[in-house]
Amino acid sequence: MASVISASRFTFSISNSLRLCWNARVWLPSSICLRSWNWNSISFSSASMSESGESNSVLPLDDGGAKAEEAADVLVQYVVLRRDLIDSWPLGSVVTQGCHASVSAIWLNKDDPHTSEYCSPQNIDSMHKVTLEVKGETQIVNLSEKLKANSIVHKLWVEQPENIPTCLASKPYPKSVVSPFFKKLKLCK
């Protein structure tokens, strides 16, 4: 019986014999998985998960995995940098441009439900960002146009007073909604 067990999206089960949990950025066996997370005092209680999954946080995979897929469809923000600037500007300057675009995209969409959830207290320490790269100015402007044409809300950061488009950041979206628009881009390394 496959099931997904989640204490605020931190644990999951592939089968009854293999259960893992995400705790402090490491995967742990179910014998020390979190049973509850108290966000107010950041205290943990550990207990072994029962085979029957008595916890109310069990999501069965009855309907073709729809509930598990829904839980796995994390909110993600994409940040796209220009490779030509990475190669010619100081690294800190390029990172700063990405930060400007990311914060701007979040702030401009602060009332959006996905943005609110992405920045909520229970998610603030587990934000998902994907940083990608394009070759240069033409590609980042073309990407921005493509996103606009498909109603994908984003911020194209244009450095002033030079008027140079340096990077782009999407507002937070469910990964399944936004990832197709970025799938052809390379991870920034």
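Is Asp87 buried or exposed? With a relative accessible area of 56%, Asp87 counts as exposed, because exposed means over 50% relative accessible area, buried under 20% and partly exposed in between (1.4 Å probe, protein chains only). The model is predicted, so local features need pLDDT of at least 70 and side-chain atom pairs count only at pLDDT 80 or more, while totals for chains, interfaces and linings use all residues. Residues are numbered from 1 along each chain as its sequence is written, and side-chain values use heavy atoms, with hydrogens and water left out.

The chain has 189 residues, and 38% of them count as buried. Its secondary structure consists of six helices and 13 strands; these are DSSP runs numbered from the N terminus, with helices (H or I) of at least four residues and strands (E) of at least two. Contact here means heavy atoms within 4.5 Å. Among the contacts with a separation of 6 or more, 60% are between residues 24 or more positions apart. The accessible surface is about 11,000 Å², and carbon and sulfur atoms account for 56% of it; the areas come from the Shrake-Rupley method with a 1.4 Å probe, and for residues only the protein chains shown count as cover.

The interior may be considered next. In soluble globular proteins, nonpolar side chains tend to be buried together. A nonpolar core is a set of buried Ala, Val, Leu, Ile, Met, Phe, Trp, Tyr and Cys residues joined through side-chain atoms within 4.5 Å. The largest such core has 15 residues, and those with the most contacts inside it are Tyr78, Val80, Leu147, Leu168, Val178 and Phe182. At least two residues of this core come from each of strand S8 (75–82), strand S9 (129–134) and helix H5 (137–149). A second, separate core has nine residues, including Val79, Leu81, Ala101 and Ala169. With residues up to four places away in sequence set aside, Val80 touches Leu132, Glu133, Val134, Ile140, Leu143, Cys167, Leu168, Phe182 and Leu185.

His154, in strand S10 (residues 154–159), is buried at 16% relative accessibility. Its side chain makes a polar contact of 2.8 Å with the side chain of Ser144. A polar contact is a pair of N or O atoms within 3.5 Å; within protein, one must be able to donate a hydrogen and the other to accept it, and residues adjacent in sequence count only if both atoms are side-chain atoms. A polar atom of the His154 side chain also lies 2.9 Å from the backbone oxygen of Ile152. Gln97 belongs to helix H3 (residues 91–108) and is buried at 6% relative accessibility. The side chains of Gln97 and Thr166 are joined by a polar contact of 2.8 Å. Beyond its neighbours up to four places away in sequence, Gln97 touches Trp89, Trp157, Glu159, Thr166 and Cys167.

The backbone also has points of note. Most residues other than glycine have a negative phi, and most peptide bonds are trans. A cis peptide bond, with omega about 10°, joins Gln160 and Pro161, and Pro161 lies in the loop between S10 and strand S11 (164–170). Asn163 is found in the loop between S10 and S11; its phi is positive, near 60°, and the residue is exposed at 52% relative accessible area. Ser151, in the loop between H5 and S10, has a positive phi near 60° and is exposed at 60% relative accessibility.

The charged pairs complete the picture. There are four salt bridges, each defined as a side-chain nitrogen of Lys or Arg within 4 Å of a carboxyl oxygen of Asp or Glu. In one of them, the closest N and O atoms of Arg82 and Asp84 are 2.7 Å apart; Arg82 is buried at 5% relative accessibility, whereas Asp84 is partly exposed at 31% relative accessible area. Asp87 pairs with Arg83 in a salt bridge with its closest N and O atoms 2.9 Å apart, and both residues lie in helix H2 (residues 83–88), four residues apart, about one turn of the helix. A salt bridge of 2.9 Å (N to O) joins the side chains of Asp112 and Lys171. This pair links distant parts of the chain, 59 residues apart: Asp112 is in the loop between H3 and helix H4 (113–118), and Lys171 is in the loop between S11 and strand S12 (173–174). Both Asp112 and Lys171 are buried.
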